[in-house]
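Hi there,

I'm passing along the structure we talked about, with a few notes on what turned up in it. Have a look when you get a moment.

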Amino acid sequence: MKTILNKQIAAMLEETDMIAALANVSACIFTSYENLNWAGFYFVKNDELILGPFQGKPACTHIPFTNGVCGKCYRDKAVMRIDDVETFPGHIACDAASRSELCVPVIVNGEVIMEIDIDSPFRNRFTEAEEKEMLAAAEDIASAFSRHSWKI
C-alpha cells in the first residue's frame, strides 16, 4: 500500500520532463520529512555521479563511484541507511553539518541510473519506514524513466 508521500511522488512523475519532475519530487521529499538539510538526486553520467535536482544547501557536484555513501550505494546497487556518517569510511562531507544519510539507487534494466540522496544534521534520523518509502519512490522513478524515455 502506497503512503501519501508515495502517491504525491507518483503524481509528480506524470510530468514528461525529467528535470521538472525530479525537481518537484526533491521538494516533496524535503518538505515532507522533518530535520533534513538536503534531499535530491545524483545521476550516473560519464563514469561518476553528477548532481541533479535538489533542495537544501549547496552540494558536491561530482562524486566518484569509489567514494562516499553515494559511491557505495552505486557499487552495491543497494540502499545505504547510515546512522552516523562520521563513522562511515570515506564519507564525503558536502555539508559539514550532515550526520546521517539515506541513499537509494534507482535501477533500470539492472543498472543504477541515478540515486535519491537525503541528508540530516541529526544522527539516527532515518527510519525503516522512510527507507521503504524511498524504495517505492525509486521504483516509481524507474518506471517513469522508461515510460517517458528519459535520458541522462
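Two strands count as paired here if DSSP finds at least two bridges between them. Please keep in mind that this is a predicted model.

By that rule, β4 and β5 pair: they are antiparallel, with 3 bridges. In this pairing, isoleucine 82 sits opposite glutamate 101 in β5. On to the next partner: β5 and β6 also run antiparallel, joined by 9 bridges. Valine 108 faces glutamate 111 in β6 across that pairing. The two strands β5 and β6 make a hairpin with 2 residues between them, and asparagine 109 in the turn has a positive phi of about 50 degrees.

How enclosed is β5? Of its 9 residues, 8 are buried, so β5 is largely enclosed by the rest of the structure.

Now for helix α4, residues 128-147. With 20 residues at 1.5 Å a residue, α4 should span 28 Å, and its end C-alpha atoms are 29 Å apart, which agrees. Which residues of α4 are buried? They are Glu130, Glu131, Glu133, Met134, Ala137, Ala138, Asp140, Ile141, Ala142, Ala144 and Phe145. An α-helix has 3.6 residues a turn, so residues three or four places apart point the same way. The cover over the buried residues of α4 includes the helices α1 (4-12) and α2 (18-32), along with the strands β1 (38-45), β4 (80-82), β5 (100-108) and β6 (111-120). Just past the end of α4, serine 149 adopts a positive phi of about 55 degrees.

Best wishes

Definitions and conventions. Residues are numbered from 1 along each chain as its sequence is written. This is a predicted model: local features need pLDDT of at least 70, side-chain atom pairs count only at pLDDT 80 or more; totals for chains, interfaces and linings use all residues. Side-chain values use heavy atoms; hydrogens and water are left out. Helices (H or I, at least four residues) and strands (E, at least two) are DSSP runs, numbered from the N terminus. The expected span of a helix is 1.5 Å times one less than its number of residues. Buried means under 20% relative accessible area, exposed over 50%, partly exposed in between (1.4 Å probe, protein chains only). Contact means heavy atoms within 4.5 Å.
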